[in-house]
Amino acid sequence: MATARQVLSLCALLSLPHARAEPIRYSVAEESESGSVVANVAEDAGLAPAQLSARRARLLSEDGRQHLRLEPGTGRLVVAERLDREELCGQSATCTLPFELLLANPVQFFRVEVGVEDINDHAPVFPEERVTLKILETSNPGSRFPLEVAQDLDVGSNSIQAYSIAPESKYFGIDLGSQVKGKKYVELVLEKPLDREEKAEMDFSLIAVDGGSPPRSGTTQIHVVILDVNDNAPAFLQEIYVGQVLENAPEGSVVLRVVATDRDAGVNGDISYQISQAGGQSHSAFEIDTRSGEIKLTKPLDFETAENHELSVRATDGGGLSGICRVLVEVVDVNDNAPEVVVSSFSSPIPENALPGTVVALFTVRDRDSGSNGKISCALEDQLSFSLRPAYKNYFELVTVSALDREETARYILTVTAADAGSPPLTTTHTFTVDISDVNDNAPVFNQTSYTMYVRENNVPTVLVGTVSAVDADMGPNAKVTYSLIPAHPTQHPPCSCISVNSENGDVFVLRPLDYEQVRQIEVMVSASDAGSPPLSANVTVHLVVVDENDNAPLVLYPSQDSSSPSSELVPVTAEAGYLITKVVAVDADSGQNSWLSYHLLKASDPGLFAVGAQSGEVRLRRSVTERDAVKQKLVILVRDNGQPPLSATAAMSALLLSDFSDVHLPHSSLITEDEDSSLTIYLIISLVFVSLLFLVSTAAFITHKVCKRKVLKDGHVLYGASNLQSSLADGAAAGTLPHAYCYEISLTTGSGNSEFKFLKPILPSLPPQLHATGGVTNNEQDFPCGPLTMEDVAPDNPGLRSAEQFVFN
């Protein structure tokens, strides 16, 4: 033990990062009981017992058998099973059990060799219990007669040390010498001439004694028959025959041929051959032709079991004399064993964020063949993410060499090929299936860069308008996507409460009815987050477009419908057909075709007298006025939009057919009462005079104005205004949905056929207080948008209109 520790101290100075340069050596006697302590290997290796368990220490041997075991708690090396040196090492002079002490974390090796010391547990054994020797009586003193030596499975001092004869014989002695490769032989030496007539047969025992303590012995009986005449024994041409045979040689193959000669003639010269079997060995794999001396195989040989075989061949003549030779058969190795791959440790799955150099597997390769047939090379087939790294001796580590991505490759099938250097080489493959575990390294990805969804106004609550969808390339919880609403911009308030998204499937709902006239588009941001730790997310913009429905009836701006009596228009009786009486102006808060208005004459005192432009709303005379026509004509005009179903409004008005505009008040006075008091006549005359004067002044101013503006009319811009229309439209707006007073300008270029209706800025700061009392637009409602309205919306059926009209609506 002290010697082993001295060796350990030397090895500690020569230690390498992974393995010691020199092994730690111990010795143990064979036949030691299981559990016998060999040594404290942890102490000798400079390790604390606690490190053995923490670093997963274990013993590895090349043959895979665990003759010894390690006690992790104490670090002692103990015998795991009964050790038989003869079974382990045969007749070898030394018997060593090599193995490695492997520490897995981090990887470290200690080479350990345990020598199994021989004990004297076997007695010498002779090949035969009784040997008969036929010796010519003419044999001279000093003649030697070879005998089969005894076999002792022990080695060293425990092997055979001496031979003796009992009882002692005056005729024979024993001579012990060495022969082939240190093998001893024994010969019976004739010390005194024989006399067959005196003694024809002799019996004595040949005793072999080993050097054990106590010594053991073996005995064979020698029966000597004294022969007459035959005085020449067979003699082999060679004392030693050496032959070689391939281990895969078939049964019946000739190994070699031994030849012996006998100078005698006749029966005394006839030789036969036999194979002698030594004790403890079986040569049933060989047989010899008794006549020719050819030694043949009876079964295939195995180089890995025995590298050579030693035989004794006896040649016996017809007179009973014999000679012995030694035959050494060397088995030539053939590459008949493929390499073996033994996995010591393997880790799977490994995370996809494992660093390059991570050890996935530790394994060893071995080959039972020898020489070049046992030299092994190891390779990893077609793999860029993993590689093999030599660890120690014939150990290899399978390690990662680059970053892994589970989304690209979730499983690797790694094939390790071990090949020997034989001809032809033999190979063995071992497959490692390495699974890659997921790491949350992928954020959800929407299938669109943005979403546009549509909902009709006045929708039912919680209506489904669309679905957002995102996928996550990860798996498991890292791929579970949940949806939520977030502000579209960081500075915004929380997202609109009228929109909701299902956190599980991404369905987008509108929670309450929307009004196109108040809001036309809503923009929200939807976030998709996975369930990883930490979670990853992605955002997408959802545009919700409100689709208009025909839910607003046309609003008649002129003539005003709020007064107690319909608006009256003055028509001269001299007017011809096509005379423009007035123009009905209406608007619709809807958009698109829902705001396309058409005008129809619904009711009239004389339907044949008037015509209404379906697109323009212009009221004109269908024919000339006659004397039979009533002075006052009542008209009801229907304004209808183009929605489905269409909505409509009516405009009531009256037309006064006058021969002279000075009579403008006559119809009104006559309509008020037919039995007016005579006192009104004076006031009527005064009024007529005043109106006449006013009419003349107005007519002159009108004519002057028309003449001055004719050039402007030619350029396509004429301004038309009516103060009474302004007040009427202001009254009409009070009943509609317009929140403020607006200025509308209608312009048309000469001959273009195109028109444009523009909404200008409000011209009044606020609506009259009574507007709120009548159910008008409240302060929190959205302003009517200011934007272009084409002439087709106002007067689509009047291609002849060449003037620009400006109306001031309140």
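I started with contacts, meaning heavy atoms within 4.5 Å. Among those between residues at least 6 apart in sequence, 68% join residues at least 24 apart. I noted that this is a predicted model, where local features need pLDDT of at least 70, side-chain atom pairs count only at pLDDT 80 or more, and totals for chains, interfaces and linings use all residues. Residues are numbered from 1 along each chain as its sequence is written, and side-chain values use heavy atoms, with hydrogens and water left out.

Next I looked up secondary structure. The chain has 10 helices and 53 strands. Both are DSSP runs numbered from the N terminus, helices being H or I of at least four residues and strands E of at least two.

I then checked burial. Of 810 residues, 43% count as buried. Buried means under 20% relative accessible area, exposed over 50%, and partly exposed in between (1.4 Å probe, protein chains only).

**Sheet**

I picked an open sheet of 4 strands, ordered β25-β31-β30-β27, with mixed pairing. Strands pair if DSSP finds at least two bridges between them. The edge strands, β25 (350–351) and β27 (376–380), each pair on one side only. β30 (residues 411–420) and β31 (residues 427–437) run antiparallel, joined by 9 bridges. I found Tyr412 opposite Val434 in β31.

**Two residues**

I located Leu153 in the loop between β9 (144–147) and β10 (160–166). Leu153 is partly exposed, because its relative accessibility is 30%. Its C-alpha atom is 6.4 Å from that of Gln91, 62 residues apart along the chain. Beyond four places in sequence, Leu153 contacts Arg85, Glu86, Gly90, Gln91 and His122.

Ser344 sits in strand β24 (residues 340–346). At 14% relative accessibility, Ser344 counts as buried. Not counting residues up to four places away, Ser344 touches Arg58, Leu60, Leu362, Phe363 and Tyr395.

**Salt bridges**

How many salt bridges does the whole structure hold? I found 15. Each needs a side-chain nitrogen of Lys or Arg within 4 Å of a carboxyl oxygen of Asp or Glu.

Arg406 pairs with Asp438, closest N and O atoms 2.9 Å apart. Arg406 lies in the loop between β29 (395–400) and β30, Asp438 in the loop between β31 and β32 (445–446), so the pair ties together parts 32 residues apart in sequence. Arg406 is buried at 10% relative accessibility, and Asp438 is buried at 17%.

I also logged Glu618 with Arg620 at 2.8 Å, N to O. Glu618 is buried at 6%, whereas Arg620 is partly exposed at 28%. Last, I noted Arg144, Asp175 and Glu187 linked in a network of salt bridges.
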